Amino acid sequence: MKVLILGIDGYLGWPLALRLAKRGHEVVGIDNLSTRRFSEEVGSDSAFPLPKPEDRVKEAKKHLDVDITFYVGDVTDYNFLLDVIRRHKPDTIVHFAEQRSAPYSMKDRDHAVYTVINNEVSTLNLIYAVKNVDPSIHILKMGTMGEYGTPNFDIPENIYVEAIVNGKKDKIIVPRKAGSVYHWTKVHDTDFLLYFHELWGLTVTDIMQGPVYGTRTEEIVDESLRTRFDFDETWGTVVNRFCVQAILGIPLTVYGKGGQTRGFISLEDSMEALTLLLEHPPNQGEYRVANQFAEIYSVKQIAEMVKKAGEELGLSVEIGPLPNPRVEAEEHYYNPERKVLPSLGFYPKKNLRDEIKNIIKDLLPYKERLERFKHAILPKTKWK
Ligand code: USQ
């Protein structure tokens, strides 16, 4: 299979490139390196120093004997995207090339507008490029469980659901209620993808993924192959942040009551799930939704697990609840359906409890580097 990964330099993009290349697929990627710049903008950096794109490709060749083509460029530049697709004729295009931070999108008007323009234009460019070059290309799009918010119903794994509105039954799109400008852009992506799928018969997998955690995948066999790892208030996600806080002796920043519940997945299992979805595409012209997570936990439960794991590794860890800088339900029902991935043979190989220890162990050698960016950890971005 030939796969084009939009966003190849990111937390998920790079390990997916390694995984697919190692499995014998031809891998081409595009990235505008924006997360590197944006993490600098908030006074932070990846916990693991990142090689330049050309060095990443060389290290992949050296350690895994794979050839990856990496273009530095912007997917919001339509002609550039079109050129790459025409040149490489991929069977599948993976779309990760979006601004993926909720806090970044909530900083102010400029950051909200940037997020909307980047995310919507990249998705529309992809849709039009696929239609113009080859409408049979499978689009695998990274969405988010956060499109739905935290409704009081079991989140289905379909695009449509039957509903009775004012006494009359109809098929409606599963209701969505996002909790940040970033999350709303993912809702709009789904709306566009569905609309153009129905108009032009595009083949789409829309993945609804929960927060990802972890440092390891099977292909990361050398420090030079590591994927970026963020832990600051803007780019870090909760599990990864708590592990760094445990190392630096910062009380774990549980926002509000800590009953916020999400479906988590390890980096390794995310790679496994993505590979299954890529290697088992939907039928031509089908729109497939996949809820991608492995275990459901509340933020409070995660903090307790990180505290326990940290203490077992000799760290002294406190939990320090903070007023919630976000506006979100802090106690709620959460029960998303998950059938598509298990039907393809997916079962999670990792669990949060064990992976927390691995994350801490992998980060401990970088403690001095983490100290340098300590000031970027406590939350400053407020939703209100
Ligand atoms: N949280 C804390 N303390 C922290 C950081 C986060 O209590 O120090 C809480 C948040 O308030 C939230 C939950 O943990 O309730 C998850 O926050 P997060 O920062 O780990 O994740 P989120 O902002 O939701 O976004 C991340 C990724 C995003 C992806 C999403 C999946 O950045 O790209 O779409 O996870 S989901 O959460 O299912 O929407």
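Biologist: Buried means under 20% relative accessible area, exposed means over 50%, and partly exposed is in between, with a 1.4 Å probe and protein chains only. On that scale, is Asp362 buried or exposed?

Modeller: Asp362 has 9% relative accessibility, so it counts as buried. Keep in mind that this is a predicted model: local features need pLDDT of at least 70, side-chain atom pairs count only at pLDDT 80 or more, and totals for chains, interfaces and linings use all residues. Residues are numbered from 1 along each chain as its sequence is written, and side-chain values use heavy atoms, with hydrogens and water left out.

Biologist: Which element holds Asp362?

Modeller: Helix H12, residues 352–363. Helices (H or I, at least four residues) and strands (E, at least two) are DSSP runs, numbered from the N terminus.

Biologist: And what does Asp362 touch?

Modeller: Leaving out residues up to four places away in sequence, Asp362 contacts Phe48, Thr215, Arg216 and Arg226. Contact here is heavy atoms within 4.5 Å.

Biologist: Switching to the sheet. What is the strand order?

Modeller: S3-S2-S1-S4-S5-S8-S11, 7 strands in an open sheet with parallel pairing. Two strands pair if DSSP finds at least two bridges between them.

Biologist: Which are the edge strands?

Modeller: S3 (68–72) and S11 (287–292), each of which pairs on one side only. From one strand to the next the twist averages 20°. Such angles run from 0 to 180 degrees between N-to-C directions, and axes are lines fitted to C-alpha atoms, for helices over the stretch in contact.

Biologist: How many bridges join S5 and S8?

Modeller: 7, between S5 (residues 138–144) and S8 (residues 203–209). Thr144 has Gln209 as its bridge partner in S8.

Biologist: How many for S1 and S2?

Modeller: That parallel pair has 5 bridges, and Leu6 is partnered with Ile30 in S2.

Biologist: How many residues of S1 are buried?

Modeller: 4 of its 5, so S1 is mostly covered. Helix H6 (residues 109–133) lies across S1 (2–6), S4 and S5, and runs at about 175° to S4.

Biologist: Now helix packing. At what angle do H8 and H10 cross?

Modeller: Roughly 35°, with the axes of H8 (residues 238–248) and H10 (residues 299–312) coming within 10 Å.

Biologist: Backbone next. What is the phi of Leu33?

Modeller: About 60°, a positive value although Leu33 is not a glycine. Leu33 sits in the loop between S2 (26–31) and H2 (34–41), and is buried at 17% relative accessible area.

Biologist: And Lys89, buried or exposed?

Modeller: Exposed, at 56% relative accessibility. Lys89 also has a positive phi, about 45°, without being a glycine, and lies in the loop between H4 (78–88) and S4 (92–95).

Biologist: Last one. What feature does UniProt place at residues 3–288?

Modeller: The unreviewed entry gives "domain: NAD-dependent epimerase/dehydratase" there. UniProt positions are in the numbering used here, feature names are shortened, and annotations may be inferred rather than shown by experiment. In the model, that span is 40% helix and 19% strand, and its end C-alpha atoms lie 18 Å apart.
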